[in-house]
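Hi,

Here is the structure I promised to pass on. Have a look at it first, and my notes follow below.

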Amino acid sequence: KVAIKGIERELICPACKELFTHPLILPCQHNFCHKCVKEVLFAFEDSFADGGSESSNQSSPRIRISASSMDRIDRINRSGRKRNSLTPRSTLFPCPSCRRDIDLGERGINGLFRNFTLETIVERYRQAARAAIAIMCDFCKPPPQESTKSCMDCSASYCNECFKIHHPWGTVKAQHEYVGPTTNFRPKILMCPEHEMERVNMYCEICRRPVCHLCKLGGGHANHRVTTMSTAYKTLKEKLSKDIEYLISKESQVKAHITQLDLLLKETECNSERAKQEASQSFEKLYYVLEEKKSAALRAIETSKNIRLEKLQTQVEEYQGLLENNGLVGYAQEVLKETDPSCFVQTAKQLHVRIQKATESLKSFRPAAETTFEDFVVDTAKQEDILGDLSFHSNGLEIPEINEEQSRIYNKALISWEGPGKTDSADIYVLEYHKLNKEEESVTWQKTEVCGKSKVLFDLDEDSSYAFRVRGYKGSICSPWSQEVIMHTPPAPVFSFLFDDKCGYNNEHLQLNPRRTSVESRAGFPLLLGSERLQVGCYTTLDYIIGDTGIAKGKHFWAFYVEAYSYLVKVGVVPSNKIQKLFHNIHDVTSPRYEQDSGHDSGSEDAFFDSSQPCTLVTLGMKKFFIPATPAAPKDLASRILPLPSCLGICLDCDRGRVGFYDAGHMKCLYECEVDCSGLMYPVFALMGGAAVHLEEAVTARYREHHNDI
């Protein structure tokens, strides 16, 4: 038998740090009190309502909201569920133990299993801890007697007399199961929390939880691998028994490890004291250097002050001498009283020079010294940054590098990084970023802690440039900052839409993926049959497809990819009142007369071709971006052909009536023109031959998968 008092550590709830009370098993296999799960749900909900800050309720577990949780709880809030004082509105929260996002589904807490085995062990521990405290009878008149047995069917405790009264011989109650006095009453049959009238009789090996036959037939475990409860019981009990036997057989090895750990504890204490002394000495050296610099700076200021005061005081005395009957003027007045010419001339010459200088100083007064001490301002910005980065030596901790290929900014910013080596040497990362602004003299970095190697940011301004850097932490040790990476946000809010598979969609030439985020034009057999009926000089139409959502006002941006093998793609916008004309326009064509080498490019056809278009488009193809031939465009054809960016973007400003075409990777505008925004505007794409267009996917929070073996 295991000493019940030696397992207290396993009976403590990770949330409230007390003995389990009605413990529930989460899908991640961690146990928590029923009340703690509700408190975590409420705290997480309140934190989301406060803008993602940590809960201020100190009695509840403090939780950190992940980006994935923010996205999913936002969808739950928009669903319109109402909250009351007893039931949390959200069924999503991060497990306080493993940080995994737990989605409880529609049944919420009621869908969780109660861990009766753990509850029984906790009750045995409580009884061992309070052996001297008796469990009183629930039915005695005051004063109650000490109970002698508890009925598991009635969920009550009785003394001998009360048990006989409530369980008379020869009745059904006499057949009830009774045990010694206890406060832990568990049901005889474990019922399914999703189908309350069904008992669990199978074990889902995928979800690692008991299920009933209805869960297997049509519930959430329909396609999961299940086994009978007896088989699962036998298998798991054998595995657990073998593992326990192995651990018991290694008792001597465990004791040796404990002895070694005790020595390491003492060694850690000694080494920590030594490290504290060395750290104190290092900071004392810094204090000494700062004190020396401080004293030198104060002495320099004091010396400069004395020199300036002396100069100003001398100037004051000189100007006081210019007053009547005082100083230089008084002396000159006395000299004027001299009547002997030779004596007067002898003295007056030098005096006259001094009087002239005094007269000139009155005309252009200038203080003898500056009163400001701007030259003595100590610039400590760089030193503050260095001191802010002051930490222990990295001791081989790798410097992370931001992966620019995996990082991208669209509706949100996804910043990814990785270490030079294959191993993840850091426990946690700190990502810092700031907006590049030439007007601001000082830079204020925004900081966020990340447990993984990527982070989704939500609070970036539009049409701005940001600098990002990251560093790793392992305990108190940190790595140097990574090289800064500059990325640009879209010029307008991101507009989300899908390809429309109804309006004008030609399913013979175009092929959509199931999600309607990619369209492909194949130069296959249908096009070959169509071309078989054409004569030289006839027109071949483009295949158009539009977005399923229109824009009425404001400024919007969307991005997409064009496959490198694409022969011809046109992209742009079209007003709603010209969509029908777009799909039936006989002049919306490509003709042999427009080939550069055909010799038939007269220019007049270009004018007719451009004026006849119902929408604003630019041409892409053969890895090139073609700037339209407008009066403002370069006349040289080579200057109008640019390399095709890896990702393209379109920015439509309905208020100004302008549309811009961007290199979405660098957020650089390649071409901009006016557009008629009188109606509802739709994104439009045209393809011919072998071509494909993929809409840029929105940046969403990434979920981390946890694979915990039994």
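**What I found**

Phe 283 sits in helix α7; helices here are DSSP runs of H or I with at least four residues, strands are E runs of at least two, and both are numbered from the N terminus. Before going on: this is a predicted model, where local features need pLDDT of at least 70, side-chain atom pairs count only at pLDDT 80 or more, and totals for chains, interfaces and linings use all residues. Residues are numbered from 1 along each chain as its sequence is written, and side-chain values use heavy atoms, with hydrogens and water left out.

Back to Phe 283: it is partly exposed, at 39% relative accessible area (buried is under 20%, exposed over 50%, partly exposed in between, with a 1.4 Å probe and protein chains only). Together with Leu 286, Tyr 287, Leu 290, Leu 387 and Leu 390, Phe 283 makes a nonpolar surface patch of about 570 Å². Patch residues have over 30% relative accessible area and no salt bridge, with nonpolar side chains joined within 5 Å and like charges within 9 Å. Helix α7 (residues 251-320) gives the largest share of this patch, 4 residues.

Now the salt bridges, meaning a side-chain nitrogen of Lys or Arg within 4 Å of a carboxyl oxygen of Asp or Glu. The count by this rule is 17.

- Glu 302 pairs with Lys 305, with the closest N and O atoms 2.9 Å apart. Both belong to helix α7 and are 3 residues apart, so about one helical turn separates them.
- Arg 515 bridges to Glu 697 at 3.2 Å between the closest N and O atoms. Arg 515 is in the loop between β21 and β22 and Glu 697 in the segment after β35, so the pair ties together parts 182 residues apart in sequence.
- Arg 225 and Glu 205 have their closest N and O atoms 2.6 Å apart. Arg 225 counts as exposed, at 51% relative accessibility, while Glu 205 is partly exposed at 34%.
- Glu 432, Lys 447 and Arg 469 are linked in a salt-bridge network.

Finally, some backbone details. Most residues other than glycine have a negative phi, and most peptide bonds are trans. Pro 142 and Pro 143, however, are joined by a cis peptide bond, with omega about -5 degrees. Pro 143 is in the loop between α3 and β6. Lys 623 isn't a glycine, yet has a positive phi of about 65 degrees; Lys 623 lies in the loop between β28 and β29.

Cheers

Notes: Accessible areas come from the Shrake-Rupley method with a 1.4 Å probe; for residues, only the protein chains shown count as cover.
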